[in-house]
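Please read these notes with the sequence and the model open side by side. They are written for someone new to reading structures.

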Amino acid sequence: MGRNDPCPCGSGLKYKKCCLGKKQAPLLGNLKETYLKKHGIRIKGPSDIEGIRKAGVVALSTLDLVEKKIKPGMTTDEINTLVHEFTIRCGAISAPLNYRGFPKSVCVSINEVICHGIPGDRVLKDGDIANVDVTPILDGYYADTSKTFFVGRPGPDAKKIVSVARESLRVGMEEVRPGNTVGDIGWAVQKYAEGEGCSVVREFVGHGVGLEFHEPPQVAHFGQRGQGVVLVPGMVFTIEPMINLGGKELRILDDNWTAVTLDGSLSAQFEQTILVTENGYESLTPYDL
């Protein structure tokens with residue numbers, strides 16, 4: 001951490017003007033108390049991190065299974081059954097099931113669906129793209145991750161939006177290190193995605209995770225450098241940019257869950273659960289980008 005970086009205690013002052021040189025610097029002292037009181041953020045200790053990491057193994061194994069099975073002619077409800085039964089076999093619980101009334105164990109979002117697609121009788125077609133978002137709970141710990149898959153042979157628009165969404169996650173992750181801010185993540189994602197002629201959804205953001213499904217802080221995928229909560233070791237949150245090929249505007253369907261692009265354009269998303277470490281970050285749901 002540099003002398004001129006924002007102080008991690010959350011004071012808003014530069015590190016050199018605040019906690020630098022104090023006998024009990026916030027990183028070693030009352031950081032957990034400060035972040036919980038000021039931001040509602042629960043800093044995770046080693047046992048928490050290991051628990052989330054184990055849940056992450058289940059999450060990744062679930063996505064690997066979906067990737068092997070997904071194909072044209074399959075219904076989104078068949079994906080739900082696949083995820084639900086595999087999660088149970090792993091000794092875990094699907095967090096989305098009955099969460100605030102959500103009726104299924106996984107979100108499956110096809111083509112113009114941005115997020116929170118409810119599995120049902122929609123049949124996957126050749127050329128579709130499908131985001132599958134899983135959150136298993138294992139021994140009380142949550143890990144949240146998603147990928148967008150090609151169904152059959154993708155067209156050029158599908159290839160572009162999936163590529164931009166994947167890279168948007170990568171550039172956001174690269175901003176994660178102590179002393180940076182939540183705003184740095186959003187700034188990097190927005191700069192990249194809009195530079196590629198795509199748009200970033202505003203209404204849905206990343207979030208703290210691990211001990212609950214959704215915790216502080218919110219992690220927007222747009223914004224300004226240096227704004228928002230300062231990142232400190234032990235923070236765990238998702239980065240999950242939803243990127244549209246057309247405009248950023250959306251509407252919610254009558255089921256009160258499914259978000260779709262207002263202009264009907266394709267939308268894609270990739271998500272990982274990220275831990276802030278002493279020197280940068282570790283993905284607790286790692287896959288290649």
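1. What the model is. This is a predicted model, in which local features need pLDDT of at least 70 and side-chain atom pairs count only at pLDDT 80 or more, while totals for chains, interfaces and linings use all residues. Residues are numbered from 1 along each chain as its sequence is written, and side-chain values use heavy atoms, with hydrogens and water left out.

2. The nonpolar core. A nonpolar core is a set of buried Ala, Val, Leu, Ile, Met, Phe, Trp, Tyr and Cys residues joined through side-chain atoms within 4.5 Å. Buried means under 20% relative accessible area, exposed means over 50%, and partly exposed is in between (1.4 Å probe, protein chains only). The largest such core here has 35 residues, and Tyr35, Met235, Phe237 and Ile243 touch the most other members. Two or more residues each come from helix 1 (31-39), helix 4 (156-173), helix 5 (182-195), strand 11 (236-239) and strand 16 (272-276). Helix 4 is the biggest contributor, with 7 residues. Helices (H or I, at least four residues) and strands (E, at least two) are DSSP runs, numbered from the N terminus. In soluble globular proteins, nonpolar side chains tend to be buried together.

3. The cavity. On a 1 Å grid over the protein atoms alone, a cavity is a set of points where a 1.4 Å probe fits but cannot get out, and a pocket is an open set with protein on both sides within 12 Å along at least five of seven lines; lining residues have an atom within 4 Å of a point. Grid points are joined across faces, edges and corners, and a volume is the space filled by probe spheres set on the points. How many cavities of 30 Å³ or more does a search of the whole structure find? The search finds 1. The largest cavity holds about 40 Å³ of space. Its lining consists of Thr62, Val83, Thr87, Ser94, Ser105, Val134, Thr135 and Pro136. By type, the lining has 3 nonpolar, 5 polar and no charged residues. In this count Ala, Val, Leu, Ile, Met, Phe, Trp, Tyr, Cys and Pro are nonpolar, Asp, Glu, Lys and Arg are charged, and the others, Gly among them, are polar.

4. The largest pocket has a volume of about 570 Å³. It is lined by 27 residues, and the closest to its centre are Tyr99, His116, Phe204, His207 and His214. The lining divides into 13 nonpolar, 8 polar and 6 charged residues. Strand 9 (206-208) and strand 10 (215-219) each supply at least two of the lining residues, and strand 10 gives the most, with 4.

5. Two strands pair if DSSP finds at least two bridges between them. Strand 9 and strand 10 pair in the antiparallel sense over 3 bridges. Glycine 206 stands opposite valine 219 in strand 10. The hairpin has 6 residues between the strands, and glycine 210 there takes a positive phi near 135°.

6. Strand 12 (residues 242-244) is joined to strand 15 by 3 antiparallel bridges, and methionine 242 has glutamine 269 as its bridge partner in strand 15.

7. Strand 2 and strand 4 run antiparallel and are joined by 4 bridges; isoleucine 110 stands opposite alanine 130 in strand 4. From strand 2 (residues 107-110), Cys107 and Ser109 point one way and Val108 and Ile110 the other way, and all are buried. Strand 4 also pairs with strand 7 in the antiparallel sense, over 6 bridges.

8. Serine 146. Beyond residues up to four places away in sequence, serine 146 touches Leu63, Asn131, Val132, Asp133, Gln269, Phe270, Glu271 and Tyr287; contact means heavy atoms within 4.5 Å.

9. Glycine 120. This residue is in the loop between strand 3 (113-115) and strand 4 (129-134). Glycine 120 is partly exposed, with a relative accessible area of 24%. Leaving aside neighbours within four places in sequence, glycine 120 is in contact with Thr75, Thr76 and Asp77. Glycine 120 and threonine 75 are 45 residues apart in sequence, but 6.9 Å apart in space, C-alpha to C-alpha.
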